[in-house]
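Welcome, and please take a moment to turn the model around before reading on. The paragraphs below walk through it step by step, from the overall outline to single residues.

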Amino acid sequence: MGLDSKITSLDKKTKKQVRETLKSINIALKLNSAKTKAKKVPSDIRKLMTWRNELEAWQSAYGKAEDLMMKAEGLGAFNEICTRLG
């Protein structure tokens, strides 16, 4: 398995993971919509909102990438998001 095919495979898995994670986050935020509108938003809800914003930005930047270099860059950006937000 060459490097190109590994990058393509990881990119495909990452895009699927981002879609599933965004779906779960959106459900959680809808279930806690009263908390998101409160004056003081709980830290766990704020963290979900931060994750959603970061993943949506990643998806818009790299979600349609077809070029191998863009896919590799997207994988690096995804790793950076995961590392930073923990």
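A residue is called buried when its relative accessible area is under 20%, exposed when that area is over 50%, and partly exposed in between, using a 1.4 Å probe and protein chains only.

A word on the model itself. This is a predicted model, in which local features need pLDDT of at least 70 and side-chain atom pairs count only at pLDDT 80 or more, while totals for chains, interfaces and linings use all residues. Residues are numbered from 1 along each chain as its sequence is written, and side-chain values use heavy atoms, with hydrogens and water left out.

Let us begin with the overall picture. The protein has four helices and zero strands, where helices are DSSP runs of H or I with at least four residues, strands are runs of E with at least two, and both are numbered from the N terminus. The C-alpha trace spans about 50 × 20 × 20 Å along its principal axes. The radius of gyration is 15 Å, while a compact globule of 86 residues would have one near 12 Å. That radius is taken over C-alpha atoms, and the globule rule is 2.2 Å times the number of residues to the power 0.38.

Now for the surface. The accessible surface comes to about 6,100 Å², and 56% of it belongs to carbon and sulfur atoms; such areas come from the Shrake-Rupley method with a 1.4 Å probe, and for residues only the protein chains shown count as cover. Of the 86 residues, 26% are buried. The side chains include 18 positive and 10 negative ones, and the centres of the two sets lie 10 Å apart. Here Lys and Arg count as positive and Asp and Glu as negative, with His and the chain ends not counted; each charge is placed at NZ of Lys, CZ of Arg, CG of Asp or CD of Glu.

What lies inside? In soluble globular proteins, nonpolar side chains tend to be buried together. A nonpolar core is a set of buried Ala, Val, Leu, Ile, Met, Phe, Trp, Tyr and Cys residues joined through side-chain atoms within 4.5 Å. The largest such core in this protein has 14 residues, and Val18, Ile25, Trp51, Leu55, Trp58, Phe78 and Ile81 touch the most other members. Helix H1 (3–31), helix H3 (43–62) and helix H4 (68–85) each supply at least two residues of this core. H3 gives the most, with five residues.

Contact means heavy atoms within 4.5 Å. Leaving aside neighbours within four places in sequence, Trp58 is in contact with Thr14, Lys15, Val18, Gly63, Gly74, Ala77, Phe78 and Ile81. Trp58 and Leu75 are 17 residues apart along the chain, and their C-alpha atoms are separated by 9.8 Å.

Ala77 has its place in helix H4 and is buried, because its relative accessible area is 17%. Not counting residues up to four places away in sequence, Ala77 touches Trp58 and Tyr62. Ile81 is also found in helix H4 and is buried, with a relative accessible area of 6%. With neighbours within four places in sequence set aside, Ile81 is in contact with Trp51, Glu54, Trp58 and Gly86. Ile81 and Glu54 are 27 residues apart in sequence and 7.2 Å apart in space, C-alpha to C-alpha.

Finally, turn to helix H1, where Asp11 is found. Is Asp11 buried or exposed? Asp11 counts as buried, because its relative accessibility is 3%. Leaving aside neighbours within four places in sequence, Asp11 is in contact with Lys71 and Leu75. Ser24 is found in helix H1 too, but Ser24 is partly exposed, with a relative accessible area of 46%.
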